[in-house]
Amino acid sequence: SAGGKMSAIKPINGPVAVTGCSGFTGGHMVRELVHHGYSVRACIRDANSWRGQDCVAYLKRLPNVEIIDGCDLFTKGSYDKAFDGVSAVFHVAAVLGNSADGKSQPLGAGDIAKDVYDGGLLGTQNVIDSINNSGSVARIVYTSSMAAVSGAKAASLPEGYEWVETDWSSDEVDDEIWNKPQNSYAKSKVDTERLINASAEESGGRWDAITMNPAMICGPILFKAQVGQWVEQIGRIAGGLELTWPSNYDMYYNIIDVRDLVKAHRLAAESEIDHKSTQGGSRYIMHGSGGRSALRLGTQVKDIISDLFPSFKLGAPATVTSKGEEIKIESRMLNDSKKAASVLGATFRPVEETIRDLIETSIELGIVEPQLRN
(Lines give C-alpha, C1' and ligand atoms only; values in the text may rest on other atoms or scores of the structure.)
Protein backbone atom coordinates (compact mmCIF):
# COMPACT_ATOMS: atom_id res chain seq x y z
CA SER A 1 0.00 0.00 0.00
CA ALA A 2 1.60 3.25 -1.08
CA GLY A 3 2.02 5.50 1.90
CA GLY A 4 0.70 2.92 4.37
CA LYS A 5 2.36 0.25 6.52
CA MET A 6 4.88 -0.72 3.86
CA SER A 7 6.67 2.63 4.09
CA ALA A 8 6.83 2.84 7.91
CA ILE A 9 10.47 2.69 8.99
CA LYS A 10 11.97 0.83 11.94
CA PRO A 11 15.60 0.53 13.05
CA ILE A 12 15.47 -3.18 12.23
CA ASN A 13 14.92 -2.33 8.52
CA GLY A 14 18.58 -1.40 8.12
CA PRO A 15 20.44 1.89 7.85
CA VAL A 16 18.90 5.30 7.12
CA ALA A 17 20.60 8.30 5.50
CA VAL A 18 20.66 11.91 6.64
CA THR A 19 21.69 14.75 4.31
CA GLY A 20 23.20 18.02 5.54
CA CYS A 21 24.83 16.60 8.66
CA SER A 22 27.19 19.51 9.24
CA GLY A 23 24.15 21.74 9.74
CA PHE A 24 22.14 22.36 12.89
CA THR A 25 19.12 20.17 12.16
CA GLY A 26 21.14 17.52 10.30
CA GLY A 27 23.56 16.95 13.18
CA HIS A 28 20.67 16.69 15.64
CA MET A 29 18.83 14.33 13.27
CA VAL A 30 21.76 11.89 13.35
CA ARG A 31 21.90 12.08 17.15
CA GLU A 32 18.14 11.46 17.50
CA LEU A 33 18.26 8.43 15.21
CA VAL A 34 21.26 6.93 17.01
CA HIS A 35 19.42 7.31 20.34
CA HIS A 36 16.64 5.13 18.92
CA GLY A 37 18.76 2.27 17.60
CA TYR A 38 19.30 3.30 13.99
CA SER A 39 22.44 2.86 11.96
CA VAL A 40 22.98 6.14 10.14
CA ARG A 41 24.75 7.12 6.94
CA ALA A 42 25.72 10.73 7.61
CA CYS A 43 26.09 12.68 4.36
CA ILE A 44 28.42 15.66 4.27
CA ARG A 45 29.83 17.66 1.40
CA ASP A 46 33.45 18.10 2.44
CA ALA A 47 34.98 16.38 5.46
CA ASN A 48 38.12 18.50 5.06
CA SER A 49 36.49 21.94 5.30
CA TRP A 50 36.48 23.44 8.81
CA ARG A 51 32.75 22.73 9.09
CA GLY A 52 33.29 19.20 7.85
CA GLN A 53 36.14 18.55 10.29
CA ASP A 54 34.12 19.96 13.17
CA CYS A 55 31.10 17.85 12.22
CA VAL A 56 33.14 14.66 11.72
CA ALA A 57 34.82 15.09 15.12
CA TYR A 58 31.36 15.19 16.70
CA LEU A 59 29.83 12.35 14.65
CA LYS A 60 32.80 10.07 15.40
CA ARG A 61 31.79 10.16 19.06
CA LEU A 62 28.40 8.60 18.18
CA PRO A 63 27.89 4.85 17.70
CA ASN A 64 26.55 3.31 14.47
CA VAL A 65 27.33 6.30 12.24
CA GLU A 66 29.03 5.92 8.88
CA ILE A 67 30.23 9.22 7.45
CA ILE A 68 29.80 9.54 3.69
CA ASP A 69 31.92 12.38 2.32
CA GLY A 70 31.45 14.13 -1.03
CA CYS A 71 27.65 14.38 -0.96
CA ASP A 72 27.08 17.67 -2.79
CA LEU A 73 23.59 18.89 -3.66
CA PHE A 74 25.00 20.35 -6.88
CA THR A 75 26.60 17.07 -8.02
CA LYS A 76 24.54 14.40 -9.81
CA GLY A 77 24.94 10.92 -8.36
CA SER A 78 26.83 12.12 -5.30
CA TYR A 79 24.25 10.50 -2.99
CA ASP A 80 24.16 7.12 -4.80
CA LYS A 81 26.66 5.43 -2.49
CA ALA A 82 25.07 6.90 0.67
CA PHE A 83 21.54 5.72 -0.26
CA ASP A 84 22.49 2.23 -1.45
CA GLY A 85 20.62 -0.22 0.78
CA VAL A 86 19.05 2.36 3.10
CA SER A 87 15.37 2.20 4.08
CA ALA A 88 14.73 5.94 4.45
CA VAL A 89 16.27 9.30 3.68
CA PHE A 90 15.99 12.31 5.98
CA HIS A 91 16.66 15.12 3.52
CA VAL A 92 17.71 18.00 5.75
CA ALA A 93 20.34 19.65 3.53
CA ALA A 94 19.47 23.03 2.06
CA VAL A 95 21.21 26.09 0.74
CA LEU A 96 20.31 28.90 3.13
CA GLY A 97 20.87 32.58 2.48
CA ASN A 98 23.80 32.65 4.91
CA SER A 99 25.64 29.78 3.18
CA ALA A 100 24.96 30.90 -0.39
CA ASP A 101 27.53 33.67 -0.21
CA GLY A 102 29.51 32.62 -3.27
CA LYS A 103 32.15 30.97 -1.05
CA SER A 104 30.41 28.29 1.03
CA GLN A 105 28.86 26.58 -2.02
CA PRO A 106 31.88 25.93 -4.24
CA LEU A 107 29.77 24.57 -7.09
CA GLY A 108 27.05 27.19 -6.86
CA ALA A 109 26.68 30.19 -9.18
CA GLY A 110 27.58 32.65 -6.41
CA ASP A 111 24.26 34.43 -6.95
CA ILE A 112 22.45 34.06 -3.61
CA ALA A 113 18.91 33.98 -5.00
CA LYS A 114 19.88 31.49 -7.71
CA ASP A 115 21.87 29.22 -5.37
CA VAL A 116 19.14 29.19 -2.73
CA TYR A 117 16.58 28.23 -5.34
CA ASP A 118 18.76 25.74 -7.25
CA GLY A 119 20.11 24.21 -4.04
CA GLY A 120 16.53 23.43 -3.14
CA LEU A 121 15.28 22.29 -6.50
CA LEU A 122 18.24 20.91 -8.44
CA GLY A 123 19.76 19.58 -5.24
CA THR A 124 16.59 17.74 -4.34
CA GLN A 125 16.27 16.37 -7.88
CA ASN A 126 19.74 14.86 -7.40
CA VAL A 127 18.59 13.40 -4.07
CA ILE A 128 15.44 11.98 -5.73
CA ASP A 129 17.49 10.44 -8.56
CA SER A 130 19.70 8.72 -5.99
CA ILE A 131 16.61 7.46 -4.13
CA ASN A 132 15.26 5.99 -7.38
CA ASN A 133 18.67 4.44 -8.13
CA SER A 134 18.84 2.83 -4.70
CA GLY A 135 15.71 0.70 -5.07
CA SER A 136 15.74 0.24 -1.28
CA VAL A 137 14.40 3.59 -0.03
CA ALA A 138 10.75 3.38 1.06
CA ARG A 139 10.32 6.89 2.45
CA ILE A 140 11.80 10.37 2.35
CA VAL A 141 11.24 12.87 5.15
CA TYR A 142 12.02 16.34 3.82
CA THR A 143 12.79 19.37 5.97
CA SER A 144 10.85 22.17 4.32
CA SER A 145 10.01 25.39 6.15
CA MET A 146 7.23 27.61 7.47
CA ALA A 147 8.41 29.81 4.57
CA ALA A 148 6.42 27.42 2.37
CA VAL A 149 3.29 27.83 4.52
CA SER A 150 2.82 31.39 5.74
CA GLY A 151 2.93 34.19 3.22
CA ALA A 152 1.57 37.33 1.66
CA LYS A 153 -2.07 36.38 2.12
CA ALA A 154 -1.61 37.11 5.84
CA ALA A 155 -2.52 40.72 5.04
CA SER A 156 -6.05 39.66 4.08
CA LEU A 157 -6.55 37.18 6.93
CA PRO A 158 -8.25 38.02 10.23
CA GLU A 159 -6.09 38.74 13.28
CA GLY A 160 -5.41 35.56 15.25
CA TYR A 161 -5.64 33.33 12.18
CA GLU A 162 -3.78 30.08 12.75
CA TRP A 163 -1.61 28.79 9.89
CA VAL A 164 -2.46 25.24 8.87
CA GLU A 165 -1.02 22.62 6.54
CA THR A 166 -3.40 23.55 3.71
CA ASP A 167 -1.79 27.01 3.53
CA TRP A 168 0.94 27.67 0.97
CA SER A 169 3.05 30.84 0.90
CA SER A 170 2.40 31.09 -2.84
CA ASP A 171 -1.36 31.43 -2.25
CA GLU A 172 -2.80 34.63 -3.72
CA VAL A 173 0.59 36.00 -4.78
CA ASP A 174 0.97 37.53 -8.22
CA ASP A 175 3.42 35.51 -10.36
CA GLU A 176 5.61 38.49 -11.10
CA ILE A 177 6.09 39.23 -7.38
CA TRP A 178 6.48 35.54 -6.49
CA ASN A 179 9.39 35.24 -8.94
CA LYS A 180 11.36 38.14 -7.42
CA PRO A 181 14.74 37.29 -5.79
CA GLN A 182 13.55 38.10 -2.25
CA ASN A 183 11.06 35.23 -2.53
CA SER A 184 13.66 32.71 -3.73
CA TYR A 185 13.82 30.84 -0.39
CA ALA A 186 10.03 30.52 0.01
CA LYS A 187 9.63 29.66 -3.69
CA SER A 188 12.39 27.06 -3.45
CA LYS A 189 10.64 25.41 -0.49
CA VAL A 190 7.19 25.41 -2.14
CA ASP A 191 8.50 24.07 -5.46
CA THR A 192 10.74 21.50 -3.75
CA GLU A 193 7.86 20.15 -1.64
CA ARG A 194 5.78 19.82 -4.81
CA LEU A 195 8.66 18.18 -6.70
CA ILE A 196 9.14 15.61 -3.93
CA ASN A 197 5.40 14.84 -3.74
CA ALA A 198 5.13 14.47 -7.52
CA SER A 199 8.23 12.24 -7.65
CA ALA A 200 6.83 10.02 -4.88
CA GLU A 201 3.65 9.63 -6.93
CA GLU A 202 5.73 8.76 -10.02
CA SER A 203 7.58 6.08 -8.07
CA GLY A 204 4.38 4.03 -8.21
CA GLY A 205 4.39 3.15 -4.52
CA ARG A 206 8.08 2.28 -4.23
CA TRP A 207 8.58 5.21 -1.87
CA ASP A 208 6.50 7.97 -0.30
CA ALA A 209 7.23 11.43 1.02
CA ILE A 210 6.58 13.43 4.18
CA THR A 211 7.45 17.12 4.55
CA MET A 212 8.08 18.94 7.82
CA ASN A 213 7.60 22.72 8.01
CA PRO A 214 9.63 24.17 10.87
CA ALA A 215 9.88 27.80 11.90
CA MET A 216 13.06 29.29 13.43
CA ILE A 217 15.03 26.28 14.61
CA CYS A 218 16.75 26.85 17.97
CA GLY A 219 18.17 24.78 20.82
CA PRO A 220 21.45 23.29 22.05
CA ILE A 221 24.53 23.39 19.84
CA LEU A 222 26.41 20.10 19.38
CA PHE A 223 29.48 21.47 17.57
CA LYS A 224 30.69 24.93 16.51
CA ALA A 225 29.90 24.60 12.80
CA GLN A 226 26.20 24.45 13.67
CA VAL A 227 26.02 28.10 14.67
CA GLY A 228 24.08 30.24 12.24
CA GLN A 229 21.07 32.43 11.77
CA TRP A 230 18.51 32.30 14.57
CA VAL A 231 20.67 30.42 17.06
CA GLU A 232 23.48 32.93 16.65
CA GLN A 233 21.25 35.95 17.34
CA ILE A 234 19.98 34.60 20.67
CA GLY A 235 23.63 33.89 21.55
CA ARG A 236 24.54 37.47 20.59
CA ILE A 237 21.93 38.90 22.97
CA ALA A 238 23.28 36.66 25.76
CA GLY A 239 26.82 37.83 24.92
CA GLY A 240 26.00 41.53 25.10
CA LEU A 241 26.27 42.05 21.33
CA GLU A 242 23.97 43.64 18.77
CA LEU A 243 22.09 41.61 16.19
CA THR A 244 23.35 40.88 12.68
CA TRP A 245 20.83 38.58 10.95
CA PRO A 246 18.88 39.35 8.84
CA SER A 247 19.37 42.91 10.13
CA ASN A 248 20.05 44.48 13.51
CA TYR A 249 16.36 45.38 13.97
CA ASP A 250 13.97 43.89 16.46
CA MET A 251 11.67 41.20 15.11
CA TYR A 252 9.33 38.41 16.11
CA TYR A 253 10.77 34.95 16.67
CA ASN A 254 8.76 31.79 16.01
CA ILE A 255 10.81 29.14 17.75
CA ILE A 256 10.82 25.38 17.33
CA ASP A 257 13.24 23.38 19.47
CA VAL A 258 15.56 21.38 17.24
CA ARG A 259 15.14 18.30 19.49
CA ASP A 260 11.35 18.43 19.17
CA LEU A 261 11.76 18.88 15.41
CA VAL A 262 14.03 15.88 14.82
CA LYS A 263 11.92 13.71 17.11
CA ALA A 264 8.88 14.59 14.95
CA HIS A 265 10.88 13.71 11.80
CA ARG A 266 11.61 10.28 13.31
CA LEU A 267 7.99 9.77 14.44
CA ALA A 268 6.78 10.70 10.94
CA ALA A 269 9.14 8.15 9.38
CA GLU A 270 8.01 5.44 11.82
CA SER A 271 4.29 6.23 11.62
CA GLU A 272 2.03 3.66 9.95
CA ILE A 273 -0.77 6.07 9.07
CA ASP A 274 -1.40 7.16 5.50
CA HIS A 275 0.08 10.64 5.75
CA LYS A 276 -1.26 11.63 2.33
CA SER A 277 -4.87 11.26 3.46
CA THR A 278 -4.49 13.65 6.42
CA GLN A 279 -5.66 17.28 6.40
CA GLY A 280 -3.17 19.23 4.27
CA GLY A 281 -1.55 16.03 3.00
CA SER A 282 1.83 14.67 4.06
CA ARG A 283 3.06 17.89 5.65
CA TYR A 284 3.41 18.95 9.24
CA ILE A 285 3.85 22.44 10.68
CA MET A 286 6.53 22.33 13.38
CA HIS A 287 6.17 25.46 15.33
CA GLY A 288 4.61 27.23 18.24
CA SER A 289 7.42 28.66 20.43
CA GLY A 290 6.66 26.24 23.27
CA GLY A 291 2.96 27.09 23.13
CA ARG A 292 3.48 30.85 22.86
CA SER A 293 3.43 31.26 19.07
CA ALA A 294 5.54 34.36 18.34
CA LEU A 295 7.92 36.03 20.80
CA ARG A 296 9.34 39.51 20.33
CA LEU A 297 13.13 39.20 20.38
CA GLY A 298 13.99 42.51 22.05
CA THR A 299 11.44 42.14 24.84
CA GLN A 300 10.05 38.64 25.44
CA VAL A 301 13.10 36.61 24.39
CA LYS A 302 15.45 39.08 26.08
CA ASP A 303 13.37 38.90 29.29
CA ILE A 304 13.64 35.10 29.28
CA ILE A 305 17.44 35.36 28.88
CA SER A 306 17.57 37.97 31.66
CA ASP A 307 15.59 35.68 34.01
CA LEU A 308 17.78 32.68 33.21
CA PHE A 309 21.14 34.49 33.32
CA PRO A 310 20.70 37.45 35.68
CA SER A 311 24.42 38.27 35.93
CA PHE A 312 24.87 38.83 32.16
CA LYS A 313 24.95 42.21 30.50
CA LEU A 314 22.67 41.66 27.50
CA GLY A 315 22.69 42.91 23.94
CA ALA A 316 19.55 44.01 22.19
CA PRO A 317 18.18 44.46 18.70
CA ALA A 318 17.74 48.00 17.42
CA THR A 319 14.23 49.40 17.91
CA VAL A 320 14.91 52.72 16.15
CA THR A 321 15.94 53.18 12.50
CA SER A 322 18.97 55.16 11.39
CA LYS A 323 16.56 58.03 10.71
CA GLY A 324 15.45 57.93 14.36
CA GLU A 325 12.03 56.42 13.64
CA GLU A 326 10.68 53.68 15.85
CA ILE A 327 10.29 50.41 13.99
CA LYS A 328 6.75 49.07 14.06
CA ILE A 329 6.26 45.34 14.07
CA GLU A 330 3.33 43.22 15.10
CA SER A 331 2.51 39.57 15.27
CA ARG A 332 -1.04 39.04 14.01
CA MET A 333 -1.02 35.34 13.17
CA LEU A 334 -0.78 32.25 15.31
CA ASN A 335 1.29 29.16 14.70
CA ASP A 336 0.52 25.85 16.26
CA SER A 337 1.59 22.29 15.65
CA LYS A 338 -1.79 20.73 16.48
CA LYS A 339 -1.59 18.28 13.58
CA ALA A 340 1.93 17.06 14.41
CA ALA A 341 0.92 16.67 18.05
CA SER A 342 -2.30 14.75 17.36
CA VAL A 343 -1.27 12.68 14.33
CA LEU A 344 2.41 11.99 15.07
CA GLY A 345 2.55 12.34 18.85
CA ALA A 346 5.06 15.19 18.52
CA THR A 347 5.92 16.95 21.78
CA PHE A 348 6.90 20.57 22.44
CA ARG A 349 9.06 21.69 25.32
CA PRO A 350 8.77 25.12 26.95
CA VAL A 351 10.65 27.80 25.03
CA GLU A 352 12.58 28.74 28.19
CA GLU A 353 14.28 25.32 28.04
CA THR A 354 15.18 25.84 24.37
CA ILE A 355 16.73 29.24 25.06
CA ARG A 356 18.56 28.08 28.19
CA ASP A 357 20.11 25.05 26.45
CA LEU A 358 21.09 27.16 23.43
CA ILE A 359 22.95 29.65 25.62
CA GLU A 360 24.55 27.06 27.92
CA THR A 361 25.97 25.07 25.01
CA SER A 362 27.10 28.31 23.31
CA ILE A 363 29.07 29.16 26.45
CA GLU A 364 30.53 25.63 26.71
CA LEU A 365 31.74 25.74 23.11
CA GLY A 366 33.21 29.22 23.49
CA ILE A 367 30.76 30.76 21.01
CA VAL A 368 29.28 33.14 23.58
CA GLU A 369 31.42 34.97 26.12
CA PRO A 370 29.29 36.38 28.90
CA GLN A 371 29.81 40.08 29.70
CA LEU A 372 29.05 40.48 33.37
CA ARG A 373 26.90 43.25 34.82
CA ASN A 374 28.52 45.64 37.27
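Reader: Is Cys218 buried or exposed?

Author: The model is predicted: local features need pLDDT of at least 70, side-chain atom pairs count only at pLDDT 80 or more, and totals for chains, interfaces and linings use all residues. Residues are numbered from 1 along each chain as its sequence is written, and side-chain values use heavy atoms, with hydrogens and water left out. With a 1.4 Å probe and protein chains only, a residue is buried under 20% relative accessible area, exposed over 50%, and partly exposed in between. Cys218 has a relative accessibility of 0% and therefore counts as buried.

Reader: How many disulfides does the structure hold?

Author: A disulfide requires a pair of cysteine sulfur atoms within 2.5 Å. The number held by this structure is zero.

Reader: Which cysteine sulfur is nearest to that of Cys71?

Author: Cys71 is in no disulfide, and the nearest cysteine sulfur is 3.9 Å away. Cys71 itself is buried, with a relative accessible area of 4%. The sulfur at that distance belongs to Cys43.

Reader: How far from Cys218 is the nearest cysteine sulfur?

Author: Cys218 is likewise in no disulfide. The nearest cysteine sulfur is that of Cys55, at a distance of 20 Å.

Reader: Which residues touch the most other members of the largest nonpolar core?

Author: A nonpolar core is a set of buried Ala, Val, Leu, Ile, Met, Phe, Trp, Tyr and Cys residues joined through side-chain atoms within 4.5 Å. In soluble globular proteins, nonpolar side chains tend to be buried together. The largest such core here has 70 residues, and the members that touch the most others are Val30, Ile234 and Ile305.

Reader: Which helix contributes the largest share of this core?

Author: Helices are DSSP runs of H or I with at least four residues, strands are E runs of at least two, and both are numbered from the N terminus. The largest share amounts to seven residues, and it comes from the helix spanning residues 258-270, α8.

Reader: How many residues make up the other core that lies apart from it?

Author: This separate core includes Cys71, Phe83, Ala93 and Ile196. Its membership is 24 residues.

Reader: Over how many bridges do β2 and β3 pair?

Author: Two strands pair if DSSP finds at least two bridges between them. Strand β1 (residues 16-19) joins β2 in the parallel sense over three bridges, with Val18 opposite Ala42. Strand β3 (residues 65-68) also runs parallel to β2, with Val40 opposite Val65, and the number of bridges between β2 and β3 is four.

Reader: Which helix lies in the β-α-β unit formed with β2 and β3?

Author: A crossover is right-handed if, with the strands pointing away from the viewer, the path from the first strand over the helix to the second runs clockwise. β1 and β2 make a right-handed unit with helix α1 (residues 24-35). β2 and β3 make a right-handed unit with the helix of residues 50-59, α2.

Reader: Which residues does Leu59 touch, not counting those up to four places away in sequence?

Author: Leu59 is placed in helix α2 and, at 1% relative accessibility, is buried. Contact means heavy atoms within 4.5 Å. On that basis Leu59 touches Cys21, Val30, Ala42, Val65 and Ile67.

Reader: Which residue meets Glu66 in a salt bridge?

Author: A salt bridge is a side-chain nitrogen of Lys or Arg within 4 Å of a carboxyl oxygen of Asp or Glu. The partner of Glu66 lies 3.2 Å away, N to O, and is Arg41. The pair links strands β3 and β2 across 25 residues of the chain.

Reader: Which residues are in contact with Asp357, leaving aside neighbours within four places in sequence?

Author: Asp357 is in helix α11 (residues 351-364) and counts as buried at 10% relative accessibility. A network of salt bridges links Asp357 with Asp257, Arg259, Asp260, Arg349, Glu353 and Arg356. Beyond its sequence neighbours, Asp357 is in contact with Pro220 and Arg259.
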